Amino acid sequence: MSHEVPLPGGFINEVVLKDGSVRRPVGPHTPFVHRLLEHFERRGWDGAPRLLGIDEDGREKLRFIDGHVAIESGRSAYAESDASLVRLATMVREFHDLCADTDLAGDAETVCHNDLAPKNTVYAHPGPGAPPIALIDWDGAAPGERLHDIAHLCWEFLRLGTPVTDVGETARRMRLVCDAYGLDADRRARLVETVLWWQDRCWRGIEDRAAAGDPAMIRIRDLGAPVWIRGDYDWVQANRAALEAAL
Ligand SMILES: Nc1ncnc2c1ncn2[C@@H]1O[C@H](COP(=O)(O)OP(=O)(O)O)[C@@H](O)[C@H]1O
Ligand SMILES: [Mg+2]
C-alpha cells in the first residue's frame, strides 16, 4: 500500500495525500461538487482543484495544489493583507459569474462555496500580500446568493468578532472586499445583516447537529466553537452601525 500523509487544516473529513494527489471521502453531495469542479475545468478556471476521479478505496481524487494553506491558529496576516483580499474577492467574483445562469445554479443567483475561509484557501506563500491561488473544500457548495459568500468571506478573513479591536480598519477592509468584488449598493446595505445571519445559523447548526450525534460537530462543539461564534455575533451586532456606515 502506498504511503498516505494526513493533510492538516480540516475539522470535518479525513483528507490525505497519496501518490501525489489528495484523497477525500465522498458523500451524498459529491455528484453536485464534481459537476461543479468539471464546470470550472471546462471553463478554464483554475481557482479550484481539478477532479482526477475516484480512487481504489472509493474516495475522490483531487489535484494537490502546491502552496500554503492558511491554517495558522493566530491571525494569518498575509491572508488579511489588502492585496490578498482584493485577489480573493476577485476570484469569488470570477466563479460566481461562471456559475450564474447555469443548471448548477438552478433558480438561484449563482453557486456559493459556503465555507470561504483561510483554512480553505491555498496561497502562493505565507508572506505579506501573498496571492490566493485556489479555493478548496467545495463540500458545502450549493445554489445561493452572491451576498452569502461575501458575508462569509468577511466574517472569516476579517475575523469579524473577538479579538478584533479596530472597527475602523475592519470596516475599511470590508469596503475593500466589496469594491474588489463589485458588490452593488443594495447588497452592501444587507452585508452586515447577512454576516449576523451566518453566525447565528452556524452556532445553532453545530449545536443541533452535535445533539443529533454527528461526530465532527460534537468535536467542534467540544472545542468551544458555538461559544466563540456567539462572541463574534455579539461583536458584529455591537459594531453594526459603524461597519454599515463605512460600506
Ligand atoms: N487540493 C488540495 N490541495 C492542497 N491542499 C489541500 C487540498 N485539499 C485539501 N487540502 C488540505 O487538506 C486540508 C483539509 O481539506 P478540506 O478539503 O478543507 O477538508 P475538511 O472538509 O475536513 O475541512 C485543507 O485545510 C488543506 O490543508
Ligand atoms: Mg476545510
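User: Which residues does UniProt list for "domain: Aminoglycoside phosphotransferase"?
Analyst: The unreviewed UniProt entry lists residues 78-157. UniProt positions are in the numbering used here, feature names are shortened, and annotations may be inferred rather than shown by experiment. Also, this is a predicted model: local features need pLDDT of at least 70, side-chain atom pairs count only at pLDDT 80 or more, and totals for chains, interfaces and linings use all residues. Residues are numbered from 1 along each chain as its sequence is written, chains are lettered from A and ligands numbered from 1 in the order in which they are written, and side-chain values use heavy atoms, leaving out hydrogens and water.
User: OK, what coordinates the magnesium ion?
Analyst: N120 (OD1) and D137 (OD) coordinate the magnesium ion, ligand 2, at 2.1 to 2.2 Å. Donors are N, O and S atoms within 2.8 Å of the metal (3.2 Å for Na, K and Ca), and water is not among the atoms, so sites may look incomplete.
User: And where do N120 and D137 lie?
Analyst: N120 is in the loop between β7 (110-112) and β8 (121-123), and D137 is in the loop between β9 (132-135) and β10 (142-144), so the pair ties together parts 17 residues apart in sequence. Strands (E, at least two residues) and helices (H or I, at least four) are DSSP runs, numbered from the N terminus.
User: Is N120 buried or exposed?
Analyst: N120 is buried, at 4% relative accessible area, while D137 is partly exposed at 23%. Buried means under 20%, exposed over 50%, and partly exposed in between, using a 1.4 Å probe and protein chains only.
User: Switching topic: what's the strand order in the open sheet of five strands?
Analyst: The order is β1-β2-β3-β5-β4, with antiparallel pairing. Two strands pair if DSSP finds at least two bridges between them. β1 (4-6) and β4 (51-54) stand at the edges with a single partner strand each, so one side of each has no neighbour in the sheet.
User: How many bridges join β4 and β5?
Analyst: Three, in the antiparallel sense, with β5 covering residues 60-63. L51 has L62 in β5 as its bridge partner.
User: Last one: what does the domain assignment give?
Analyst: Domain 1 is 4-63 and domain 2 is 68-246; such bounds come from an automatic or database domain assignment. Their centres, taken over C-alpha atoms, are 22 Å apart. The contact takes 20 residues from domain 1 and 27 residues from domain 2, where contact means heavy atoms within 4.5 Å.
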